Amino acid sequence: FSAQKLQLSTALFLGLLLWLPLSGCIATWRAVLNANQQFALAAIAPLATPAAIIASLFAFANRYGVAVLCFGTVGGIALECGILAVALARRGYPIAPAWHGWKSPELQILRKQYLPLAASAVISSACIVVDQSVAGRLGSGGVSALVYGNKLAGVVLAIIATAAATVILPSFSKLAAAR
């Protein structure tokens with residue numbers, strides 16, 4: 001990248017870092033809603049991010065350029081996070097995390113499963129880095145084309161696969177628990 005493009009990429013990266021803790025909250029809170037068979041809100045809330053991105057692009061793209069994608073993404077994630085936080089608070093669940101130590105049996109089971117899960121996350125993350133490295137060598141716009149293509153596939157997956165899995169998984173879990 002040129003110096004100007006590297007500076008822009010760094011600024012966008014730092015802006016998108018806000019997404020990370022919010023997405024952790026979102027995943028946890030959606031899981032709580034799904035476990036309590038509150039499927040509709042958990043399935044609809046992820047639409048806030050693409051809607052915020054689209055609205056931001058229409059409203060501010062001419063004025064702020066590519067930074068609008070960053071603002072729209074973070075704004076959509078924050079909106080989704082807020083929607084889920086309100087839903088959990090209304091159901092009586094605490095929003096802030098609490099720590100009760102490592103001694104619970106549930107955490108003991110989780111600790112045994114953590115290493116394979118962490119390894120799969122590292123491999124999945126490495127795939128993204130490799131994909132973007134290859135796309136970056138294809139010339140100007142290669143990484144952008146890859147990201148936009150992934151977003152299109154992500155929207156389709158969010159609508160179809162996530163909605164189906166959200167409804168089916170708790171039913172399978174109940175069947176497994178009932179043996």
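Q: Which residues of helix α2 are buried?

A: A residue is called buried when its relative accessible area is under 20%, exposed when it is over 50%, and partly exposed in between (1.4 Å probe, protein chains only). Helices are DSSP runs (H or I, at least four residues), numbered from the N terminus. In α2 of this predicted model, the buried residues are S23, I26, W29, R30, L33 and N34. These residues lie on the same side of α2, because they cover an arc of only 140° around the axis; the arc is that of the directions from the helix axis to the C-beta atoms.

Q: What are the conventions behind such values?

A: Residues are numbered from 1 along each chain as its sequence is written, and side-chain values use heavy atoms, with hydrogens and water left out. As the model is predicted, local features need pLDDT of at least 70 and side-chain atom pairs count only at pLDDT 80 or more, while totals for chains, interfaces and linings use all residues.

Q: Against which helices do the buried residues of α2 pack?

A: Contact means heavy atoms within 4.5 Å. The buried residues of α2 pack against α3 (39-44), α5 (67-90) and α7 (142-177).

Q: What span should helix α2 have?

A: The expected span of a helix is 1.5 Å times one less than its number of residues. For the 17 residues of α2 (residues 19-35) this gives 24 Å, and the end C-alpha atoms are 24 Å apart, which agrees.

Q: Where does R179 lie?

A: R179 lies in the segment after α7. Its phi is near 60°, a positive value in a residue other than glycine. R179 counts as exposed because its relative accessibility is 87%.

Q: Which helix contains I160?

A: I160 is in helix α7. This residue counts as exposed, because its relative accessibility is 58%.

Terms used. Helices (H or I, at least four residues) and strands (E, at least two) are DSSP runs, numbered from the N terminus.
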